[in-house]
Amino acid sequence: MAKNKFFNRNVVSIRDFNSEDFSYLFDITDKIQTLKSKERGEIAKGLILGYVFYEYSTRTRLSFESAMASIGGRSLGISDVDSSSIMKGESYADTVKTISLYSDVVLVRHPSDGSSRYACEISDKPVINGGSGSEEHPTQAMLDIYTIFKEKKKIDGLSIGIIGDLKYGRTVYSLIYALSNFKVNIHLISPEILKIRDESIYDITNKVDMHNHVELSDELLNKLDVIYVTRIQRERFPDLQEYNKIQGLYTIDEKILAKSKSDISILHPLPRVDEISPSIDSTPNALYFKQASYGKELRAALLSSLLHEEPF
Ligand code: CP
């Protein structure tokens, strides 16, 4: 087995990891599923995942909790800041410090860019970025590319469309950085006001074949092997009138599916609002719930690799 480069490491940006690291993690994710539950349950026995979520979450928090439980560990944390001493004015720094005293690995979600990097300065336990502002969501990207790899059996050579809110969607940035380690064609599809922030990807523009589009044209649909759909991030819009103008602009439905390659894979980090019609949920192309399920498996592998030099 390749060397574990995740041990005791902070997971703040996907940029800190490369294709070798992804291969290692995918391998551990697959292997951990083959362990007998008793053996799997020994991996994190006596260890604790601590977390604080300053923003709403369903999948990230619950999949991490479920992942930790599946390897025998426990989780504790703040899922609702209203029930914590943050409401008495306690600082982010003191909150992170306190959680790190009670746990072996710390998971944070916060609306500010840079919040996870800052948490690393405070915590002497490894920190996992569970979503920082509109900057990054690295473990989401890890499970996104794992899903693509599981379904397509490769990543190199694929044409991948990323559609929706490319300006504020933090999963988009982590995904593009992750994909920059592979030979892929990336098609970015968004209205002008939600275009990718060029300044956030300037350092990888020469590494990846990337194209911008406003329309999801038939010609483009014909090329795509994967389409990664994102929610318009209402909560990050400075002006809700602008949000109202573009909400519901792109909806992936049966009509779009009929014009696509028959084996197109549809991914979405979730939650969705109206950008994917539930009528396609039962098609073999709809991978978003499988993707969410892979999230638990991949995060179990990640936690095992952060907590032990030899995960099992
Ligand atoms: N994909 C994702 O981060 O979902 P949650 O916001 O529900 O955690």
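Domain bounds here come from an automatic or database domain assignment. The structure is a predicted model, in which local features need pLDDT of at least 70 and side-chain atom pairs count only at pLDDT 80 or more, while totals for chains, interfaces and linings use all residues. Residues are numbered from 1 along each chain as its sequence is written, and side-chain values use heavy atoms, with hydrogens and water left out.

The protein chain has domain 1 (35–133) and domain 2 (138–291). Their C-alpha centres are 28 Å apart. Domain 1 brings 11 residues to the contact and domain 2 brings seven, where contact means heavy atoms within 4.5 Å.

Between the two domains about 660 Å² is buried, and carbon and sulfur atoms give 43% of this area. Buried area is the accessible area (1.4 Å probe) that two parts lose on being put together, summed over both. Of the area that domain 1 buries against domain 2, 57% comes from Arg59, Asn129 and Gly133, more than from any other three residues.

Two salt bridges are counted between the domains; the term stands for a side-chain nitrogen of Lys or Arg within 4 Å of a carboxyl oxygen of Asp or Glu. Glu55 and Arg170 form a salt bridge through their side chains, at 2.9 Å from N to O.

On the side of domain 1 that touches domain 2, the elements giving two or more residues are α3 (59–70), β3 (105–110) and β4 (127–132). β4 gives the most, with four residues. Helices (H or I, at least four residues) and strands (E, at least two) are DSSP runs, numbered from the N terminus.
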